[in-house]
Amino acid sequence: MEMTPKQIVAYLDDYVIGQNDAKKAIALALRNRYRRMQLDKELQDEIMPKNILMIGNTGVGKTEIARRLAKMMDLPFVKVEASKYTEVGYVGRDVESMVRDLVSNAMRISRAKFEDKIQKDIDKEVVKKIVEILVPKLPKNATQSSQDSFIKTYNTMEKKVQSGSMDDKLITINLPKTTHVEVFDGANPMGDMSMMTDAIGNMLKNAKNNTYEKTVSVADAKKLLRNVVKEELTDEELIQKDAIANVEDGGIIFLDEIDKIVESSSNKGQDPSKQGVQRDLLPIVEGSSIHTKYGQVNTDHILFIAAGAFHISSPSDMLPELQGRFPLRVELEALDESALYKILTNTKNSLLTQYTAMFGVEGVKLVFTDGAIKAFANLGARANEKTEDIGARRLHTVIEKVIEDISFTADEKSGQTITVDKKLVEQKLENIVQNEDITRYIL
Ligand SMILES: Nc1ncnc2c1ncn2[C@@H]1O[C@H](COP(=O)(O)OP(=O)(O)OP(=O)(O)O)[C@@H](O)[C@H]1O
Ligand SMILES: [Mg+2]
């Protein structure tokens, strides 16, 4: 993963319109990580990441940028809503769960990488196990000639098993008593859930010292033995080490809704839990060692990207120490009519593409004229002006309102082409947008 800042921005451009400052800041932060890793260890330790604070209205692409980045790069990434830590029941330690989630995520990446690497070894070992069942072992005192013929038979059988020509033959294999259970250890939002699944996993592991025999086709044996062999060949310790290193040097935590844990200066002191969460966050952002089930994780070099609308409060209302840990501030601009138009026409997997594909399932060809798209953008921008500015999310409501009826009966229109033009859009929406009160409720 050594993309240049330009390449990163170019990638993001395919999905997010505008917001160049934010894209640049993030691209640079990522490149700086790469630069840092090329330096001497001593200097490496000195160079701290420049955490980023993204400030912008709702629906202008803050989360979208982070989401795309995570997809693009094989870096450990988690997104957490800072506001969730103010909820009843959350206390200090729970803030650390974001780091634990990050490690779980890294484990998945490292495990996938490892399994990829041992793929060939697994295949070989599975074949070996099967051939050993098919070709009877040679007694210790076998003559030279029977040894020679054994090797020949063995090699022939190996080729046959590999090629699949033995797939229908039945053999008896040994399997662990409890077949491998994939214990869910994903990025589940409830930190404690992972502890529980872990405990269950261990229970299962302990219970499977015994093996049992099963008679299956060679084809099925290949599948069943794969899991067994994979487990045998998997080096958990190595995976964990790799994951922790990956988190410490490449991890990214996206702290969404950070403004929800910041009180405006006029409201100071009304909600102590907010200040509390900021204080709990501080050591993690500042760099500390956190205990996870895979080992200690040092958070010094984890990159934090915080985002918030900051309508009521401002970044300067944050605890000064926390402010200081987000030195890079970028503002995301509001989306005007032309930006909304580009979002519909110039992004990969845009809303229109999605609708067209969904109608395609019904055998209906859905076509949007350019006039219709311009009308979506125009009416969306006007609705944003008249009521709250909810950014690109407005497009969802606007388009849905127009498509709703067509969509309801699409299954009856198989084989037809349905064209959405300017007239249709205006007919469905003009009245709604004209009337502010109705807009508020309908769009
Ligand atoms: N600049 C943009 N370019 C393309 N699509 C965008 C842009 N901004 C927003 N969108 C689309 O609008 C939706 C909402 O965007 P996103 O989730 O990024 O909002 P946000 O800025 O995080 O808002 P909030 O403050 O409410 O969390 C997404 O579907 C996203 O694809
Ligand atoms: Mg968001």
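Analyst: F310 is buried, because 20 other C-beta atoms lie within 10 Å of its own; the term requires 20 or more such neighbours within 10 Å, whereas 12 or fewer make a residue exposed and the counts in between make it partly exposed, with C-beta atoms placed from the backbone. This is a predicted model, in which local features need pLDDT of at least 70 and side-chain atom pairs count only at pLDDT 80 or more, while totals for chains, interfaces and linings use all residues. Residues are numbered from 1 along each chain as its sequence is written, and chains are lettered from A and ligands numbered from 1 in the order in which they are written.

F310 is found in the loop between β8 and α11 (320-324), where helices (H or I, at least four residues) and strands (E, at least two) are DSSP runs numbered from the N terminus. Although F310 is not a glycine, its phi is positive, at about 50°. Most residues other than glycine have a negative phi. A second case is E257, also not a glycine, with a positive phi of about 55°. E257 sits in the loop between β5 and α10 (272-286), and with 17 C-beta neighbours inside 10 Å it counts as partly exposed.

Both β8 and β5 belong to an open sheet of 5 strands, ordered β2-β5-β8-β1-β9 with parallel pairing; two strands pair if DSSP finds at least two bridges between them. Because β2 (77-81) and β9 (328-331) stand at the edges with a single partner strand each, one side of each is left without a neighbour in the sheet. From one strand to the next the twist averages 20°, with axes taken as lines fitted to C-alpha atoms (for helices over the stretch in contact) and angles running from 0 to 180 degrees between N-to-C directions.

Within this sheet, β8 (residues 303-308) runs parallel to β1 (residues 52-55), and 4 bridges join them. I52 has I305 in β8 as its bridge partner. Helix α2 (residues 20-37) packs on the sheet by touching β1, β8 and β9, and its direction makes about 150° with that of β9; contact here means C-beta atoms, placed from the backbone, within 7 Å of each other. Helix α4 also packs on the sheet, touching β1, β2, β5 (252-256) and β8, with its direction at about 150° to that of β8.

How values were computed
Contact = placed C-beta atoms within 7 Å.
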